[in-house]
Amino acid sequence: MIPVCRLDDLPAGESVRIDTAPPIAVFNADGELYAIDDTCTHQDASLSEGWLEGCLVECPLHAASFDLRTGLPTCLPARRAVRTHRVTVDDGMVHVHVATEVFAEVAAEEEGTAA
Ligand code: FES
C-alpha cells in the first residue's frame, strides 16, 4: 500500500503521478478515485498529463483513450490495457494498492509466454 496524497489535495478532475517503478497515475474522476499505470501502452507518454473526461483519460501524445475502471483502451492507437490498481482513502489519506498479479500477466504477454 502506497500513500499518495491527502484527498483534499486531489480535487475532482485532477490527477497525480507517483514515482513508483513503473509510475502510477491517480485520478479523481468526479469524486471517484482510480489508479492506473501512468505510462501509455502505445508509446512513452504520461497519462497523468492527459485529459480526463468522465471515467476516460485521453493520452496527451496521440489521443488514445483508456477506461480508468478497467484499464482497457477505448480507441487506437493503443491496443493493450494499462494495469489498474485499487485505491482507498483512510483518515483523509489516499492510498494505492499495487496490483502485482495483473502486472505479471502483462509481462508474460509481452514476453510471449502467456497461454
Ligand atoms: S503515446 Fe499514448 S497514444 Fe501514443
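1. P3 stands opposite H95 in β9. The strands β1 and β9 run antiparallel and are joined by four bridges; two strands count as paired if DSSP finds at least two bridges between them. Strands (E, at least two residues) and helices (H or I, at least four) are DSSP runs, numbered from the N terminus.

2. The model is a predicted one, in which local features need pLDDT of at least 70 and side-chain atom pairs count only at pLDDT 80 or more, while totals for chains, interfaces and linings use all residues. Residue numbers start from 1 along each chain as its sequence is written.

3. The chain has nine strands and one helix. Along the sequence the pattern reads β-β-β-β-β-β-β-β-β-α.

4. Six strands form an open sheet in the order β1-β9-β8-β4-β3-β2, with antiparallel pairing. β1 (2–6) and β2 (15–18) are at the edges with a single partner strand each, so one side of each is left without a neighbour in the sheet. From one strand to the next the twist averages 25 degrees; axes are lines fitted to C-alpha atoms, for helices over the stretch in contact, and angles run from 0 to 180 degrees between N-to-C directions.

5. R6 belongs to strand β1. Is R6 buried or exposed? R6 counts as exposed because it has 12 C-beta neighbours inside 10 Å. The cut-offs are 20 or more other C-beta atoms within 10 Å for buried, 12 or fewer for exposed, and partly exposed in between, with C-beta atoms placed from the backbone. Leaving aside neighbours within four places in sequence, R6 is in contact with G92 and M93; a contact means that the C-beta atoms of two residues, placed from the backbone, lie within 7 Å. R6 and V94 are 88 residues apart in sequence, but 5.9 Å apart in space from C-alpha to C-alpha.

6. A29 has E32 in β4 as its bridge partner. β4 also pairs with β8 (residues 84–90), in the antiparallel sense over two bridges. There, the bridge partner of I36 is T84 in β8.

7. The hairpin of β3 and β4 has two residues between the strands, and D30 takes a positive phi near 55 degrees in it. D30 is a residue other than glycine, placed in the loop between β3 and β4. With 11 C-beta neighbours inside 10 Å, D30 counts as exposed.

8. A63, in the loop between β6 and β7, also has a positive phi, near 70 degrees, and is a residue other than glycine. A63 is partly exposed, with 14 other C-beta atoms within 10 Å.

9. Where are the cis peptide bonds described here? One runs from A21 to P22, with omega near 0 degrees, and P22 is in the loop between β2 and β3. A cis bond also joins L76 and P77, with omega about 10 degrees; P77 is in the loop between β7 and β8. As background to this point and the two before it, most peptide bonds are trans, and most residues other than glycine have a negative phi.

10. Another open sheet has three strands in the order β5-β6-β7, with antiparallel pairing. β5 (51–53) and β7 (65–67) stand at the edges with a single partner strand each, so one side of each is left without a neighbour in the sheet. The twist averages 25 degrees from one strand to the next. Three bridges pair β5 with β6 (residues 56–58) in the antiparallel sense, and E53 stands opposite L56 in β6.

11. The largest nonpolar core has 20 residues, and those with the most contacts inside it are A25, V26, F27, A35, I36, L47 and F66. Such a core is a set of buried Ala, Val, Leu, Ile, Met, Phe, Trp, Tyr and Cys residues joined through C-beta atoms within 7 Å. At least two residues of this core come from each of β3, β4 and β9 (93–97). β3 gives the most, with four residues.

12. Which residues does F27 touch, not counting those up to four places away in sequence? They are S15, Y34, L52, V57 and L68.

13. Of the 115 residues of the chain, 28% count as buried. Among contacts between residues at least 6 apart in sequence, 34% join residues at least 24 apart.
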